Amino acid sequence: MSALMKSLSLVKKLSAANPALQAHIVRNLAGWNKDYKPGPYPKTEKEREAAAKKYHLLPEEYKPYADNGLGYGDYPKVGGGLGVEHKDNYYPYDYPEIKRNFNEPISADHDLYSEDRYSQPDYPRYSNSYYVLCFAGVMGGCLALYYWLEDKKMYRPVAAKQYPADGVKHYTFER
C-alpha cells in the first residue's frame, strides 16, 4: 500500500511540474483512436479499390455497408450472422483463443457473434410452428389435469388427537 501511495505522490509531482504531460497521458489512455475510425463511404471505383486494399481484401470481395447514416463508412461487410463457433476448432489460427487470423476483417457487429454470445450458425432443429404446438400441448395438458382433478381434493389425512380417556389427566410432571 505504501508503494502505491509513493507512486501516486510521484505522479502528482510530475503532473504539477509538467501539465502538458498530464494531457498527453490522458489522450493516450483513451479507448478510441481516430486511426480506427473507418473512412468515408467510397463513391468511385478508385476509392473502392483503396478501401479494399486498406482492409486486405480483393476488390471483388470488398462490399461496404450501405451508406445509411450509421457511420460504418468504408468498413467492409463481412460474414453476416455466422458465429465464431461455426469456425473450425482445429485450424491453426494466429489468435486461437478468438479464432481469428492476423488482419482478418471482422463484422461490425462482432460483439454479437463472439463465442460467449448467442449466435445461430445452423438452422433450428424444428420449425417455429412445432415449438408453438409443443408449448400449447404441454400447457393445455396441465390445464386439463387441473380442471379434471379440481373436485378431487388431496390433503394429508389427519384425525383428532386421541387421549386415553376424556377429561382424565394422563400426564404429570410431579415426582
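Colleague: Is Tyr146 buried, partly exposed or exposed?
Modeller: This is a predicted model, where local features need pLDDT of at least 70, side-chain atom pairs count only at pLDDT 80 or more, and totals for chains, interfaces and linings use all residues. Residues are numbered from 1 along each chain as its sequence is written, and side-chain values use heavy atoms, leaving out hydrogens and water. Buried means under 20% relative accessible area, exposed over 50%, partly exposed in between (1.4 Å probe, protein chains only). Tyr146 has 48% relative accessibility, so the class is partly exposed.

Colleague: How many aromatic pairs are there?
Modeller: Rings of Phe, Tyr and Trp (its six-membered ring) pair if their centres lie within 6.5 Å; planes under 30 degrees apart count as stacked, over 60 as edge-to-face and the rest as tilted. By this rule, the count of aromatic pairs is 6.

Colleague: Which class do the rings of Tyr65 and Tyr72 fall in?
Modeller: Their centres are 4.6 Å apart. The planes of Tyr65 and Tyr72 stand at 40 degrees, so the pair is tilted.

Colleague: Is Ser107 buried or exposed?
Modeller: Ser107 sits in the loop between α3 (45–54) and α4 (128–148). Its relative accessible area is 14%, so Ser107 is buried.

Colleague: How many disulfides does the whole structure hold?
Modeller: A disulfide is a pair of cysteine sulfur atoms within 2.5 Å. A search of the whole structure gives a count of 0.

Definitions and conventions
Helices (H or I, at least four residues) and strands (E, at least two) are DSSP runs, numbered from the N terminus.
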